[in-house]
Amino acid sequence: MRQGLAANALAAASEVAVVLLAMNGDDAAYGELVRRRQGSIRNLLRRLTRDAALADDLAQQTFVQGWLSIRGLKAPGAFAGWLRKLAVNFWLQNVRSSRPEVAIEEDLRTEFTASGAAQRLDLDAALARLPGDVRLCIVLAYSEGLSHGEISQTAAIPLGTVKSHIARGSARLRELLQGYGDMHV
Amino acid sequence: MSEENDAQLLALFARSHAALPSTDFRESFGVRLERARRIRTLRRIALLAAAAILAAWFMPSILQRTAAAAHTLGEFSGSYIRLVISPAGWAVSTLIALGVLVRTGSLRRR
């Protein structure tokens, strides 16, 4: 990668400054953004996919797409949200191109009843039981800390639907986690 | 943060947030980025080549049409100039100039 600033200077720079450098074609600056953001993007995608390898693959696609289109970013301060939206779009594309969500839900339900209530159900497993768009809203609200309005923009879902998804998803998640004794924080 | 989020769920999500090692991820991302860079370069070269071929293909006809248009314009402007410098043309243009001065109020006494 072409070196714009020294690596330690980049590491110390504010995100807006690094994004501006990356927008001007500084690949080292973009590498720094990847270093800073990879954890949150991979965690978000792991929550959504429940598959570490797939999540990392989607995260890499997200960062490559980010590198290709960063010049089109309107405001450097919006980088984190823009990148998150790219990641969500890649996940949605993957969901649409893979087998239907209902089938996955059915599989899990079978596993759930077969293994019985004694089996510990972790948070990711509980999330996997939610329908895709409900899971997306829940993850963006609880894991990413987004407001309902921001979720509506990121996921391109109407605000009213976001609110009902979160209310419904939270209730379902509480129910699932309490059933398995995983709710005690 | 949303006004309706459940505090217990929030704490649970925060607790289960994993710190992921980045070295392998960044290495394989570097490989993928290099591939994307090569593809982008090839695509740009292909686009430039296509543009050059199209330009070479259409250039003779574009030049021909431009020359014909310039010729027509030249003929038209020649007759227009002859009209303007005739006594009648001079009189009409003076009247138009007077009309403009009257409309803008430039002839009024201050």
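Two residues are taken to be in contact if their C-beta atoms, placed from the backbone, lie within 7 Å. By this criterion, among contacts in chain A between residues at least 6 apart in sequence, 59% join residues at least 24 apart. The model is a predicted one, in which local features need pLDDT of at least 70 and side-chain atom pairs count only at pLDDT 80 or more, while totals for chains, interfaces and linings use all residues. Residues are numbered from 1 along each chain as its sequence is written, and chains are lettered from A and ligands numbered from 1 in the order in which they are written.

Helices (H or I, at least four residues) and strands (E, at least two) are DSSP runs, numbered from the N terminus. Chain A holds ten helices and zero strands, so that, read from the N terminus, its elements follow the order α-α-α-α-α-α-α-α-α-α. Chain B has three helices and, again, zero strands; its elements run α-α-α from the N terminus on.

Burial comes next. A residue counts as buried if 20 or more other C-beta atoms lie within 10 Å of its own, as exposed if 12 or fewer do, and as partly exposed in between, with the C-beta atoms placed from the backbone. In chain A, 38% of the 185 residues are buried. For chain B, the figure is 6% of 110 residues.

Glu150(A) sits in helix H9, which spans residues 148-155, and is partly exposed because it has 18 C-beta neighbours inside 10 Å. Ala167(A) belongs to helix H10 and is partly exposed because 14 other C-beta atoms lie within 10 Å.

Finally, we turn to the place where the chains meet. The contact draws 26 residues from chain A and 26 residues from chain B. On the side of chain A that touches chain B, helix H3 (27-49), helix H4 (52-69), helix H8 (132-143) and helix H10 (159-179) each supply at least two residues. Sorted by class, this side of chain A comprises 13 nonpolar, nine polar and four charged residues. Here Ala, Val, Leu, Ile, Met, Phe, Trp, Tyr, Cys and Pro count as nonpolar, Asp, Glu, Lys and Arg as charged, and the others, Gly among them, as polar.
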